[in-house]
Amino acid sequence: MANEMEKILEVKDLQISFRTQQGILHAVRGINFDLYKGETLAIVGESGSGKSVTSRAIIGISAGNSIHDGGSIYYYNSGLAKFDQVEGADNVEKEDVIDLMKIDEEHFHKLRGSKISMIFQDPMSSLNPIMKVGRQVSEALYLKMGVTKEEANKRALELMHEVGIPEPEKRFYQYPFQYSGGMIQRIVIAIALANNAEILICDEPTTALDVTIQAQILELINRKKKERNLSVIFITHDLGVVANMADRVAVMYAGKIVEIGTADEIFYDPRHPYTWALLSAIPDLDSKDTLFAIPGTPPDLHFPPPGDAFAPRNKYAMQIDFEEQPPMFRVSDTHFAATWLLHENAPKVEMPEGLKRRIARNRVSVTRGE
Amino acid sequence: MAELNKEKFVLVQQDTILYDERIKTKSIGYYKDAWLRFKKNKASVFAAIILIFLILMSVIGPWINSGYELADNTSGIKWATRLKDMPPKVEGLDWLPFFSGDKELTGYPQNFSNLPDSVNVRIKSVNNIGQLTVVVDYYEYTRVRYSALIDPETQLFDPECYTTLSIAEYEAVKAAEAEYGVTILLEDAPLLAGSYRVRVDYYLFLQYVYDVEEVVFWFGSDGQGRDLFTILWEGARISLMIAFSVALINIIIGIIVGAISGYFGGTVDLVIERLSEVLSGLPFLAILTLLILRFGNSIWIIIMAFTMTGWLGISALTRTQFYRYKRREYVLAARTLGANDIRIMSRHIFPNAVGTLITSLVLYIPRIIFSESTYSFLGIINYAEATSVGMLLSNGQAVMKESFYQVLFPALFISFLMLSFNLFGNGLRDAFNPSLRGVEE
Amino acid sequence: MKNYVLKRIALIFITAAIIIFLEFTFMKMLPQYHQAVLGVDPETFDMLYEREGYGRPIIEQFFIWIRNMIQDGGLGRSLKLKRDIVLIMAERIPVSMRLNIFPYVFSLPVGIALGIWAALKKNKVIDHVISIGVIIFISVPSFVVGTMLQYYMVYIWRIFDTPFVLADVDFAADFWRGITSYLMPMFVMFLGEVSGLTRVTRAELTEVLTSDFMLLCRTKGLTKRQATLRHALRNGLVPIAPAIIGGFISILSGSLIIEQVFRVPGIGGVYLEAFNNYDYPLIMGLLMFYTVIGLFATLIIDLSYGVIDPRIRMGAGKR
């Protein structure tokens, strides 16, 4: 199935660190993944796993003290080459590929909004509090698309309607403080889609909202994705949200991807102990087991560990986990996990009992069509 | 990939209970953390050092050169005025033109021609009416002037050389001559109408009769012959004392009022807010001048003037802080555990505000000093006990052409004090509240 | 919004009344007041006694005073200067205004521009230079700066020939000299105002530049320039607008310090003279003037907040 889909982004051995007061923080330590057109890739991980850093690198808003240690982010068929001659374009004539890490700020703004868009976590601080909402939506249109102000306003109204704002004509002239959190997030989505971007990055967009609104926003994103054939990168720490949204899932820990696969593969056949731990930690009404909590805390990435970063917290760690970093082992064409447990020499270890039971239970309910 | 040792593939911690990793870094408290951050700010540390120096000097300064107490002695005062407007002189540094005790004088050539070599007359320029501008060793010049100056017209001793001694002073001179074998009297005279009009070596006279060890003014002398070094630090002492007292009082009042207002909210808050609004409309100038007109000019009145409305700012700040923190869960928790209001206010909410309060305290003090020196410069504030630094500067402005040092030293003092306080305060604020500084971009 | 305006005006009015009443009462309580004002001459004594309402409760005296003021159309009569106070003020206020206006007008663009520059180039060399300048001129009081400037300009570098302002000079005859004598005090005021403005502008703009919605502007695709001009500057300058407006009002009142250092015959100097001469009516009149100006400035500032901040303008919205 992957062969039929068109690759739109390819992250290759990306390494990013930060200059901090305590030294160099190695936030992203060599990650690889692809994004295909029309799919939702969820990136899951704890705080500090590097998921936000990655997404910001894609859209080019990395912090001022970030250092690009290595790797690339290739963007296929962006059409940027058509704008003007751009440094970093591998081969302008033959193939339309650009390396996002090499594009300078002057050119990057052409991509933002019109090719790659992003929505953030806290809606209340996402908008300019003293500018009318409608203007903030139409702004990108007439500044970048070259349409007239009237056209832009009209289009903005349409967008507002599209994302489900009631009475958009009235709301157009209001200020953000007159909106609720959920409505602002809809506006943010409208802004993100205004210039018909093809990649949408969502950085925990529903964490700050309550559950009912959360569902609405997620549903809106899904709808837009289908309508416009968007490629969505969805960053979250909430596996429940992932289950609703994702086609594929990448699990990140301490700056590396530890497991990547389709949603089914990750949820029903997880291979990395960290993924097991994450899945076990979801509260489950039906289980009688005690609630599982992962002991310990993620490592301080000022001092990146030599082996598997998860080893100290890993019940199934082996001696080699403390010494060498595991490579990605292939589980299927679409499913990979970076754990020594998949090595031929490793003892046969299965996922914890409780998790097995839970997965079995869920599988049953799915087949029952619930 | 190198051949991996099969032995490595052994589960090592399957059955152990995994604990949280021991935190590698030592935990540091809020204040220690702030102190470390503060130390990194070189400018603030430097400012703090200067501040400590200035405060120290204001305490011990007046004692250092206490050899000179002429101006305080009732009978000595009239002699002190002869030593007025003398330029600064520091023995060790007199190779520096500033501290050499030299002064510029302007006059007709004959005024300077008959001066002895020790006065070291150097001609600087001539102006268009034939007057010379010269540079002299002013200390020597003064001594000669009051001991042995020859009037150019008459070629006799200038009337200024003569000193009218009281009987007590005359006897003291004689006694000192006898005891120490020094010649103080240069020209004796008989008792006439209860006093002796004699010519003395002026500096020796001062030394032996009035215990002036040496006529040397490190910062020069002012218009009344007082040692600028001493009165500067005395004035500094008063200014700093007032500033700290006012700050302390206003902080206490401000915190209490702000805490009550912020914590209880509702009508209490409303009433206090209205009162504060009215009080803040009172111009400080009005308060200060009216109080002085009514009660005169003493330190307590000044302190009272500053504390009438000075606490308003702090109370507003505290109030905001209390508002912000009183809704937090731990306050609710404390209350459900039975803590009474005072306990909650002091043990739970207040510590959060301390950082901000310390910063505003430190930045508040320079504002007080600023006000105080401004009003003493204008002459509105005028202590009986000492001359405020602002007033010193104002006095200096009148004679700044010839005696610039009388402006320079007070100016330097105020400038350094204010700068150091502000830099120090900024450093504190950054140390306690790193988020305010913004990301290092 | 209308409610807000009316509420503020009413409050300010009441506050002003209370404060002036307090000042009035306090002055009357000064021991030397009665002799000074009523005088020793028994004839006038009785007349004034009646007129000012002595012997009646203080509140009544206050209203009588106000009534007298309105009837006579003035603020009373100065004791030492033997003139109507309003005339004195009419003579001296324009002098102060002439002095204040230029530094104010020039300090606005310079101060804001420097603040913007420093904020945009945060932590680079130019930011540090500007910040150092700001902190120096904010810390060192203006009378120190003024006096040092006088010394160097007049006595050392001999650029000017007098440290003081020539207010009486005949402008037609000696225009250049008259103008240049004002340069020093204006420059000192200019420095002070610029540093204050720069500091606030830099702080506000920095805060805006690091806020979340600026990030969204960038991800929208706006260039840094567009984002800065359209969003950051607007949001950053909004908080300082009220202060600027307030500064405009205070052009009316003279700076006591500058007028003292440079011997400017403005309204500030009058107060000092009155104070030193125990000229009570003059003091009272001037205090009232200063109080009213101060509160008026506060009122304008509050009202401008109402205009600028949409939350207040719309009555705190629906939510």
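**View 1. Helices α1 and α15 of chain C pack against each other in this predicted model.** C:Tyr4, C:Val5, C:Arg8, C:Ile9, C:Ile12, C:Thr15, C:Ala16, C:Ile19, C:Ile20, C:Glu23, C:Phe24 and C:Met27 of α1(C) meet C:Tyr280, C:Met284, C:Leu287, C:Met288, C:Thr291, C:Val292, C:Leu295, C:Thr298, C:Leu299, C:Asp302, C:Leu303 and C:Gly306 of α15(C), where two residues are in contact if their C-beta atoms, placed from the backbone, lie within 7 Å. Helices (H or I, at least four residues) and strands (E, at least two) are DSSP runs, numbered from the N terminus. The residues of this contact of α1(C) with α15(C) divide into 17 nonpolar, four polar and three charged, with Ala, Val, Leu, Ile, Met, Phe, Trp, Tyr, Cys and Pro counted as nonpolar, Asp, Glu, Lys and Arg as charged, and the others, Gly among them, as polar. The axes of α1(C) and α15(C) come within 10 Å and cross at roughly 160 degrees, which makes α1(C) roughly antiparallel to α15(C); angles over 145 degrees count as roughly antiparallel, under 35 as roughly parallel, 65 to 115 as roughly perpendicular and the rest as oblique. Axes are lines fitted to C-alpha atoms, for helices over the stretch in contact, and angles run from 0 to 180 degrees between N-to-C directions.

Residues are numbered from 1 along each chain as its sequence is written, while chains are lettered from A and ligands numbered from 1 in the order in which they are written. Because the model is predicted, local features need pLDDT of at least 70 and side-chain atom pairs count only at pLDDT 80 or more, but totals for chains, interfaces and linings use all residues.

**View 2. Chain C touches chain B.** The contact takes 33 residues from chain C and 34 residues from chain B. On the side of chain C, two or more residues each come from α1 (2-29), α6 (125-139), α7 (142-156), α13 (256-261), α14 (267-277) and α15 (280-308), and the largest share, seven residues, comes from α1(C). This side of chain C divides into 23 nonpolar, eight polar and two charged residues.

**View 3. Helices α8 and α14 of chain B pack together.** Helix α8 (residues 228-264) and helix α14 (residues 341-378) of chain B lie with their axes 8 Å apart, at an angle of about 145 degrees, and α8(B) passes α14(B) in a right-handed crossing. Among the residues that make the contact are B:Phe244 and B:Tyr263 of α8(B), and B:Tyr364 and B:Glu372 of α14(B). By class, this contact of α8(B) with α14(B) has 14 nonpolar, two polar and two charged residues.

**View 4. Three strands of chain B form an open sheet.** The strand order is β1-β3-β2, and the pairing is antiparallel; two strands pair if DSSP finds at least two bridges between them. The edge strands, β1 (102-107) and β2 (122-126) of chain B, each pair on one side only, and the twist averages 25 degrees from one strand to the next. Six bridges join β1(B) to β3 (residues 132-137) of chain B, and B:Glu104 stands opposite B:Val135 in β3(B). Helix α5 (residues 138-147) of chain B packs on the sheet, touching β1 and β3 of chain B, and its direction makes about 90 degrees with that of β3(B).

**View 5. Eight strands of chain A form an open sheet with mixed pairing.** The strand order in chain A is β7-β8-β9-β3-β10-β11-β13-β12. Strands β7 (116-119) and β12 (329-330) of chain A stand at the edges, each with a single partner strand, so one side of each is left without a neighbour in the sheet.

Conventions: Left-handed = near helix turned anticlockwise from the far one by under 90°.
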